Amino acid sequence: MMAFLEFSNISKGYPGVQALSDISFSVEKGAVHGLMGENGAGKSTLIRILSGDQPADTGTITIDGQAQNYRSVRDAFNAGVIVIHQELQLVPELTVAENLWLGRFPARSGIIDRRTLMDTVRKRLDEIGIDVDPSAKVATLSIGARQMVEIAKAVMLDARVIALDEPTSSLSSRESEVLFAMIEKLKAKGTVILYVSHRLDEIFRLCDSMTVLRDGKLAANHTRLADTSRSQIISEMVGREISNIWGWRERALGETRLTVDQLSGAKLPEPISFSVRKGEILGFFGLIGAGRSEMARLLYGADSRSGGTVSIDGETVAPNDPKRSINAGMVLCPEDRKFEGIIQGRSIRENIAISSRRHFSPMGILNTRKESALADTYIAKLRVRTPSARQDIVNLSGGNQQKVILGRWLSEQGIKVLVIDEPTRGIDVGAKSEIYEILYELASSGMAIIVISSELPEVMGISDRIMVMCEGRVAADVPRAAFDERAILTAALPDKSTAGANSIQE
Ligand SMILES: Nc1ncnc2c1ncn2[C@@H]1O[C@H](COP(=O)(O)OP(=O)(O)OP(=O)(O)O)[C@@H](O)[C@H]1O
Ligand SMILES: [Mg+2]
């Protein structure tokens, strides 16, 4: 088979960073090609060059034998290239249908017949298998639903080449399945798909071939993915063997630190009670939408509870007020760190040092030398890839931004209870193990930690105990000695009769 999409000697530098050096590889027609690498390895940069958004310093992209020298996103679009970026591109103020329409007829500016638009879009979404209301404003949709709209846009445009940059990072397992089915269909039509992900399971499931980037260089190219193994790819990515990324070990647990008694709220049909001891890591597992994040928000006071009490070291925490929760020693690191956390135009160091506590106060950034030093420690610990701690956070790769915001919460002093939602989303396999180490250190110092995750291997890998949630209820409470993948998964599935037939992400 002939190469349909070809990258030849692509290089790209930013001030202080060589993001890509001399990258060459090709993809056959109708193939799904994976792109993996650590945070900051250059994946999104390559995708941005393919999208016409940014020019390469040197090198050529060839599509179907024709060298492309496009200068803009429009040129790339006309050449049949559609890219779904890591950071979503939809216009939040417009409806789903309007957003899709914008993409479908980019040149058109005339008056749109609303009824026809809604009907057409609804029909097309049904065909593709996406369940969103075309008349809903994008701003009102969950991140997962937005992602699906973005993907629908690419499918509807009939591209020759589609690049997806971490498309499943905010999708539920059901949404992911819809996406995978779409990818299979596109593949059958001969579309070339470039697929960026940190999830090896997805790469092995979907891809025919793949490329590994490391520090902007081509670390490996596998023309037949079937001939290679996961551990080989991991070591190609990180440049070292990682035998046990979890690194869990027995910890002495102290007295009860956090007690939650009959906590209830609008999104929890049944009150929830549990406690966490000093030094304990309690995992909350469930499918997306199982109520874990809702539980965390109620616990922390970000949402109003309808009943129940929360206490830390025997002292009741005032309800429905995050500030008072923080004063009582509890912080919540939210799942949606990107939207809730990044302070644009500020350095990496400031973004860590601001401290989640002061983030709420009007005093703003007080960057003392001690805090800067602490920030630098976390930049190193979390392996944030940057030429300088003074770099503006917006210039970091997506995963490195995640690490910085995570660093803000992890470096917070005087915390007794840490609630952390999806700690490693978008983070590469090498840095994951560093994050787990930090959690163990914090636990060993007496913190009670609640980790919410949709990745079963992660929850099983790092927790001392797991509470499984399903449809807003606690479905199981499992001590580490009794961890069993199948049992936990079964408890998490809404329709228990189909247990085993379904599998979840990762
Ligand atoms: N506008 C910019 N200015 C300066 N440096 C940049 C800019 N954009 C990207 N970089 C740097 O280029 C390198 C590659 O970034 P890129 O976004 O391609 O990484 P990535 O592989 O997509 O990582 P991730 O898995 O975190 O998304 C990083 O070191 C990043 O900090
Ligand atoms: Mg990226």
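Residues are termed buried when their relative accessible area is under 20%, exposed when it is over 50%, and partly exposed in between, computed with a 1.4 Å probe on protein chains only. The structure is a predicted model, in which local features need pLDDT of at least 70 and side-chain atom pairs count only at pLDDT 80 or more, while totals for chains, interfaces and linings use all residues. Residues are numbered from 1 along each chain as its sequence is written, chains are lettered from A and ligands numbered from 1 in the order in which they are written, and side-chain values use heavy atoms, with hydrogens and water left out.

By the burial criterion, I449 is buried, with a relative accessible area of 0%. This residue lies in strand β18 (residues 448–453); helices (H or I, at least four residues) and strands (E, at least two) are DSSP runs, numbered from the N terminus. Contact is defined as heavy atoms within 4.5 Å. Apart from its neighbours within four places in sequence, I449 contacts V276, E280, I281, L282, L418, I420, L439, L442 and A443. The C-alpha atom of I449 is also separated by 5.8 Å from that of V417, although the two residues are 32 residues apart along the chain.

Strand β7 (residues 161–165) is largely enclosed by the rest of the structure, because five of its five residues are buried. Burial extends to both faces of β7, with V161, A163 and D165 on one side and I162 and L164 on the other. Strands are taken to pair if DSSP finds at least two bridges between them. Strand β6 (residues 81–84) runs parallel to β7 and is joined to it by four bridges, with I82 opposite I162. Five bridges connect β7 to strand β8 (residues 192–196), again in parallel, and here D165 stands opposite V196.

Together with helix α6 (residues 173–188), strands β7 and β8 make a right-handed β-α-β unit; a crossover is right-handed if, with the strands pointing away from the viewer, the path from the first strand over the helix to the second runs clockwise. The 16 residues of α6 reach 23 Å from the first C-alpha to the last, close to the 22 Å expected at 1.5 Å a residue, the expected span being 1.5 Å times one less than the number of residues. Buried positions of α6 are S173, E175, S176, V178, L179, F180, M182, I183 and L186. The elements that cover these residues include β3 (32–37), α4 (114–128), α5 (143–156), β7, β8 and α7 (200–206). Just after α6, G190 adopts a positive phi of about 95°.

Helix packing was described with axes fitted as lines to C-alpha atoms, for helices over the stretch in contact, and with angles from 0 to 180 degrees between N-to-C directions. Angles under 35 degrees count as roughly parallel, over 145 as roughly antiparallel, 65 to 115 as roughly perpendicular and the rest as oblique. The axes of α5 and α6 come within 11 Å and cross at roughly 10°, which makes α5 roughly parallel to α6. Their contact involves G144, A145, M148, I151 and V155 of α5 and E175, V178, L179, M182 and L186 of α6. The axes of α4 and α5 likewise come within 11 Å, but cross at roughly 95°, so α4 is roughly perpendicular to α5. At this crossing, R124, L125 and I128 in α4 meet A152, V155 and M156 in α5.

Helix α14 (residues 398–410) packs with α15 at an angle of about 5°, with the axes 12 Å apart; the two helices are therefore roughly parallel to each other. K403, L406 and L410 of α14 and A431, I435, I438, L439 and L442 of α15 make the contact. Helix α15 (429–444) is also among the elements against which the buried residues of helix α8 pack, together with β3, α7, β9 (209–214) and β10 (217–222). In α8 (residues 230–238), the buried residues are I233, I234, S235, E236, M237 and V238. G239 follows α8 and has a positive phi near 75°.

An open sheet is formed by four strands in the order β12-β11-β14-β15, with antiparallel pairing. Its edge strands, β12 (268–277) and β15 (315–316), each pair on one side only. Strands β11 (residues 256–265) and β14 (residues 305–312) are joined by six bridges, and L258 stands opposite I312 in β14. Helix α9 (residues 292–300) lies across β11, β12 and β14, running at about 110° to β11.
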